[in-house]
Amino acid sequence: AYTTKVSRNANIAKLQAGYLFPEIARRRAAHLLKHPDAKIISLGIGDTTEPIPEVITNAMAERAHALSTVDGYSGYGAEQGEKKLRAAIAATYYADLGIDETDIFVSDGAKCDISRLQVLFGSKVKIAVQDPSYPAYVDSSVIMGQTDLYQQDVQKYGNIEYMRCSPENGFFPDLSKVPRTDIIFFCSPNNPTGAAASRDQLTQLVKFAKDNGSIIVYDSAYAMYISDDSPKSIFEIPGAKEVALETASFSKYAGFTGVRLGWTVVPKELLFSDGHPVAKDFNRIVCTSFNGASTISQAGGLGCLSPEGLKAMQDVVGFYKENTKIIVDTFESLGFNVYGAKNAPYVWVHFPDRNSWDVFAEILEKANVVTTPGSGFGPGGEGFVRVSAFGHRENIIEAARRLKQLYK
């Protein structure tokens with residue numbers, strides 16, 4: 001076959017197999033090919049299933065219709081997001097935390113912003129991640145050229161610091177054993193373990209970052225699921241604005257996984273080593289690579305943050321939290337150790353001395369239920385599977401029945 005003379009990006013060549021969730025989809029499709037009549041229930045990828053509340057879709061429909069009128073049409077908007085939406089996000093989620101609308105960059109989702117942040121920091125930084133953690137942090141780091149090759153024997157990339165988070169340490173890393181890195185990716189409530197860091201733990205994390213001169217990228221995509229007194233934002237911690245930025249999303253609150261709307265907060269107080277504001281460089285990245293979130297999505301965001309929208313989102317979150325209880329009760333009744341669920345839509349189930357992909361295959365082949373193998377989130381996830389609570393109630397109940405049949 002004819003080939004060009006352009007070399008492949010060597011950093012992409014370092015990536016292992018496929019990205020986790022497309023690989024799960026591939027195995028699901030292969031199973032269906034072998035068993036075309038199988039009624040598969042998917043509790044794997046964290047995709048929402050319940051309809052978007054009408055108060056929110058009405059706001060989007062109204063904006064969409066307005067685009068067909070002379071007075072209602074708008075073209076390019078501000079890359080940073082509409083002023084009204086930025087102000088509503090600041091007032092709703094960061095009231096009294098010293099964050100104002102100019103610190104907020106509206107985007108097409110937290111996952112997209114994670115990659116933009118990697119471009120902002122460049123290829124010379126060293127990152128730390130929770131182990132296990134959402135794979136986008138590691139994979140985007142590899143693509144940026146921040147890492148060495150994958151080390152098959154320990155299932156880690158060189159030049160990444162993996163901060164082990166396990167039941168033994170309460171899913172919070174022993175920071176006394178973590179060497180300095182430039183960037184610390186930290187997700188709370190965590191995906192996949194579902195653990196939410198306490199105020200004391202986040203105070204330790206902020207102090208650790210300040211002592212080391214590091215920047216925390218705090219992923220708060222599941223903050224609305226918190227039902228105890230765990231902080232919902234890193235900016236609840238004194239001093240955090242000097243060492244942290246925060247990314248968030250409407251995906252898991254309002255069912256916006258396909259609508260695409262999120263935001264990143266970059267405080268004015270966050271400075272690079274030469275005193276240059278991080279927000280100014282992030283603004284440059286955004287203006288270069290992004291033309292702003294869809295105006296229709298942003299209208300939906302304003303709908304989400306209306307009093308009726310907030311109540312509707314809380315109802316949606318409450319529904320998924322009821323699903324987690326069904327899943328937790330199922331596995332606990334079978335004698336498994338189960339973690340997460342209290343503050344997150346994920347249940348983290350321990351299968352001691354088992355290979356995660358083997359457990360994934362067993363549950364798929366024998367129960368026709370898709371889960372996510374823990375090792376896909378890092379070596380610390382080996383021996384666990386993540387079960388998502390995103391599903392129609394009848395499917396959650398049926399999956400529970402099948403799992404009881406499999407492991408009784």
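What volume does the largest cavity have? About 50 Å³. Before you zoom in: this is a predicted model, where local features need pLDDT of at least 70, side-chain atom pairs count only at pLDDT 80 or more, and totals for chains, interfaces and linings use all residues. Residues are numbered from 1 along each chain as its sequence is written, and side-chain values use heavy atoms, with hydrogens and water left out.

A cavity here is a set of points, on a 1 Å grid over the protein atoms alone, where a 1.4 Å probe fits but cannot get out; lining residues have an atom within 4 Å of a point.

**Stop 1.** Select Q130, G170, F171, F172, F186, C187, S188, N190, A195, A196, A197 and Q201 to see the lining of the largest cavity.

**Stop 2.** Now pick L43, I326, I327, T330, I396, A399, A400 and L403, which line the second largest cavity. That one holds about 40 Å³ of space.

**Stop 3.** On to the rings: the whole structure has 25 aromatic pairs (Phe, Tyr or six-membered Trp rings with centres within 6.5 Å; planes under 30 degrees apart are stacked, over 60 edge-to-face, the rest tilted). Show F336 and F351: their ring centres are 4.7 Å apart and their planes at 50°, so this pair is tilted. Then select F21, F171, Y339, W348, F377 and F384, a cluster linked by ring pairs.

**Stop 4.** Finish with R27, which lies over the face of W357, 3.9 Å from the ring centre.

Technical notes: On a 1 Å grid over the protein atoms alone, a cavity is a set of points where a 1.4 Å probe fits but cannot get out, and a pocket is an open set with protein on both sides within 12 Å along at least five of seven lines; lining residues have an atom within 4 Å of a point. Grid points are joined across faces, edges and corners, and a volume is the space filled by probe spheres set on the points. A charge sits over a ring if NZ of Lys or CZ of Arg is within 6 Å of the ring centre and within 35 degrees of the ring normal.
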